[in-house]
Amino acid sequence: MRPVENSPRPAPPAADRSPARAAARPLPRLLACVLAAVLGAAVLSPAPAAAAVGATVSYETIVSHDGTRLKAKVITPTGVEGPHPLLVMPSAWGTPHLLYVGAAARLAHESGYQVVAYTSRGFWDSGGGIGVAGPEDRADASAVIGWALANTDADPERVGMAGISYGGGISLLTAAEDDRVRAVASLSGWADLEASLYPNRTVDVQSAELLLLAGELTGTPGEELREVGREYRRGNIQPALDIAPDRSAATKVDAINANGTAVMMAHAWNDGIFPVGHITDFYEELTGPKRLMLTPGDHATQEAFGALGLPNEVWEALGDWFDHHLRGEPNEVDAGGPVHVKPNNGRGGWTSHPDWPSVTARTDRYYLDKPSTDWLRWQSSGGMAAEPAAGWRYGFRTGINTPAESGTLLLSGALQQFLDVPTGVLLPLVDRYRAAVWTSPAYPDGARVAGTPEATFTFTPTTANQSVFVYLYAVDSRGTGALVSHAPHTLRDAVPGEPVTVTTELAPVVWDVPAGHRLAVVVDSRDARYGSESTLGNRVSVTSPEEAPAQVTVPLA
């Protein structure tokens, strides 16, 4: 973002406005930014000499529609004539409004936005009970907008909302119900709550436990959340599924489109709370102005430092988004196409595309032959070929984890983002009596996996409910694999002994496969991230019938 001036400003070079703009700064400046964010100096210090905008800060109590008292930080630009474009920023799950201390200050101080960042209902210093982005939370957001329009010099024709995680989800939902919201930026938010926490009918245990714990420690759960928590502990997730549709922007996309809201979404490939797959699906349903940024990282890790006011590509793009849609600046938010992706591994830069399907240029379809139990010959442990191999059957025991895992919530994605350390596996050590393994021919020149991989298997369960987990790895000549993508899938209310054909999408990704490496597919029955219905002593058979041969489709750039 650039300082607001009273006279027209020259546009910076095009490279400076791209999402790939380098975030590096000299170390002393970085340290100064950290101290400023922690001490609040970023809010209170005067603007640089070149800027014509300053800001004042006040802490307010906003009385919502039902009398609930919401605590807010209000940052008002000075030195520039109003009315000002308004940005309302609900806090993330388990955090107060101070989450946005640096970013909100920059938006007001440097760019002239009237900013109201508030603590979401039920958390920290705000009243009420945690409503899980329910009707009361959306009414709160509208009430904060109304308060800002009545008590600040905010422009009612230029209203935007932005937030991280929970704040991003509330922003999207409010945009569907309040047509005053012209533009939204959802960072690590969700669009479909059921698809996020119950992917392919599999409970995401690590996410559920973290969210419930954070709610108890940092707020006051409302009655619905308490009921969801109680039933979850009893093994009943139906109450969570019952409230999910009303709390999912995917069910309200027609209203967002009708309102013409400009929607920006930024998400991490390895987001462990809100998996990226449903975000790309939702993005394609939007018909208004839209932008999608997909980057390495885990839940909120790609924008966390930017919230403190540190240099950050996502927050720079957010500033550009609102500058364009609320202030009318002719910047380059759509340069090269509205979909921007950065590979999840290596140090590759951004590429831009006109839409999500265009990320994929072609596909490799591999038909799967019968796996082998000979782990010493792992490179030929199961063929991936261009022609179908029908009629085979392979069974494995369930209930014990293999070395194939999807990683640990927050930690694994952060390691991938900051240190380029992937979630790994040593393929020869995967027990072939507890998993099925296939490997592809080597890619002599390497390849870029780009898009949404898909797998089709026919399973024959031995119990009514059984879980399987599908992993896609890039493997070197020694059998060391890096996790490219994965998907859980749970068969529920199946008939034991009857085959069930399953086609499942793995998580979307852009991943560079090094020259000489090959791809590997692993299917097993347990993963520490998820709850598994596969218990010790049971079996799952994998078959490849002629009418539905086992196969994997790999999207490539």
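Which helices and strands are among what covers the buried residues of H11?

## Helix H11 and its cover

The cover includes helices H5 (166–177), H6 (193–197) and H10 (253–259), together with strands S7 (262–268), S8 (290–295) and S9 (339–341). Helix H11 spans residues 277–285, and its buried residues are His-278, Ile-279, Thr-280, Phe-282 and Tyr-283. Buried denotes under 20% relative accessible area, exposed over 50%, and partly exposed in between (1.4 Å probe, protein chains only). Helices (H or I, at least four residues) and strands (E, at least two) are DSSP runs, numbered from the N terminus.

## Basis of the model and overall composition

This is a predicted model, in which local features need pLDDT of at least 70 and side-chain atom pairs count only at pLDDT 80 or more, while totals for chains, interfaces and linings use all residues. Residues are numbered from 1 along each chain as its sequence is written, and side-chain values use heavy atoms, with hydrogens and water left out.

The protein contains 14 helices and 24 strands. Of its 557 residues, 58% are buried. Among contacts with a separation of 6 or more, 77% join residues 24 or more positions apart; a contact requires heavy atoms within 4.5 Å.

## Packing of H4 against H5

Helix H4 (residues 135–151) and H5 have axes that come within 9 Å and cross at roughly 80°. H4 is therefore roughly perpendicular to H5, a class covering angles of 65 to 115 degrees. Axes are lines fitted to C-alpha atoms, for helices over the stretch in contact, and angles run from 0 to 180 degrees between N-to-C directions.

H4 contributes Asp-137, Arg-138, Ala-141 and Ser-142 to the contact, and H5 contributes Tyr-166, Ile-170, Leu-173, Thr-174 and Glu-177.

## A five-stranded sheet

An open sheet of 5 strands runs in the order S14-S19-S18-S22-S15, with antiparallel pairing. Its edge strands, S14 (424–426) and S15 (436–439), each pair on one side only. Two strands pair if DSSP finds at least two bridges between them.

Within this order, S18 (residues 466–475) and S19 (residues 480–491) pair in the antiparallel sense over 10 bridges. Phe-469 has Pro-488 of S19 as its bridge partner.

## The loop residue Thr-68

Thr-68 lies in the loop between strand S1 (54–63) and strand S2 (69–78). Thr-68 counts as buried because its relative accessibility is 11%. Leaving aside neighbours within four places in sequence, Thr-68 is in contact with Ile-62, Val-63, Arg-121, Gly-127 and Gly-128.

Terms used
Parallel < 35°, antiparallel > 145°, perpendicular 65-115°, else oblique.
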